Amino acid sequence: MTSHEIGTREQWLKARIELLEAEKELTRRSDELARRRQELPWVRVDNEYRFATDEGSASLADLFRGRSQLLVYHFMFGPDYAAGCPSCSAIADGFDGFVVHLANHDVTLSAVSRAPLAKLQAYKRRMGWTFSWASSLGSDFNFDFNVSLTEEQAARGGLRIQLPARRPRDGRGTGPGARRPVRGHVRNRRSHVLAR
């Protein structure tokens, strides 16, 4: 049996109005952070990254698929994972629904993971997804964009600019069925927008 507080309609309404003010403040702060993120300086990407895709080997420019912007979702699915990250999978469940809207605004969405393409394709089929998903295995792409750590970086405790990854209280990793510390992915950096 629950021991949740019981109150009157008036008490609930008063508490709800207070909460609404806090929610509005959070939205204002979130909007401000989004504005600041959009104002970050652009950086030229000169590396010749290669990806494995359903259509074969592709360059970073190929991932744009002729559009002026590329939204890359760094899907946590490492080479040694048996399945994709549960949180990333829940987020990706919505990709097929809005990929067409992004395309109509000159934006291509592509997920990128370090797992081999065959693993990504099998998981994509299992989940019923159709969005573009590229494997960056063998490339420095994830490392250069600070969403993956080398073994050496992980041993040193990560990158200086990275936000600390949250760990469950038991100290185990956050990957699917993780019984080991997560190596190769940073939780707080899931997407990048690139422009041509």
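# Salt bridges and cavities in a predicted model

Biologist: How far apart are the closest N and O atoms where Lys-14 forms a salt bridge with Glu-18?

Modeller: This is a predicted model, in which local features need pLDDT of at least 70, side-chain atom pairs count only at pLDDT 80 or more, and totals for chains, interfaces and linings use all residues. Residues are numbered from 1 along each chain as its sequence is written, and side-chain values use heavy atoms, with hydrogens and water left out. A salt bridge is a side-chain nitrogen of Lys or Arg within 4 Å of a carboxyl oxygen of Asp or Glu. For Lys-14 and Glu-18 the closest N and O atoms are apart by 3.0 Å.

Biologist: In which helix do Lys-14 and Glu-18 both lie?

Modeller: Helices are DSSP runs of H or I with at least four residues, strands are E runs of at least two, and both are numbered from the N terminus. Lys-14 and Glu-18 are four residues apart, about one turn of their helix. That element is helix α1.

Biologist: What is the N to O distance where the side chains of Arg-16 and Glu-23 meet in a salt bridge?

Modeller: Arg-16 is partly exposed at 29%, and Glu-23 is also partly exposed, at 33%. Their side chains meet in a salt bridge with an N to O distance of 3.2 Å.

Biologist: Which residues do salt bridges that share partners join into one network?

Modeller: Arg-35 forms a salt bridge with Glu-39 at 2.6 Å. Arg-35 is partly exposed at 35% relative accessibility, whereas Glu-39 is exposed at 53%. The network, built from salt bridges that share partners, joins Glu-32, Arg-35 and Glu-39.

Biologist: Which strand gives the largest share of the lining of the largest cavity?

Modeller: On a 1 Å grid over the protein atoms alone, a cavity is a set of points where a 1.4 Å probe fits but cannot get out, and lining residues have an atom within 4 Å of a point. The lining of the largest cavity includes Asp-54, Arg-65, Lys-124 and Trp-133. Three lining residues come from residues 132-135, which form strand β5.

Biologist: What percentage of the residues in the protein chain is buried?

Modeller: The chain has seven helices and six strands. Of its 196 residues, the buried ones make up 34%.

Note on methods. On a 1 Å grid over the protein atoms alone, a cavity is a set of points where a 1.4 Å probe fits but cannot get out, and a pocket is an open set with protein on both sides within 12 Å along at least five of seven lines; lining residues have an atom within 4 Å of a point. Buried means under 20% relative accessible area, exposed over 50%, partly exposed in between (1.4 Å probe, protein chains only).
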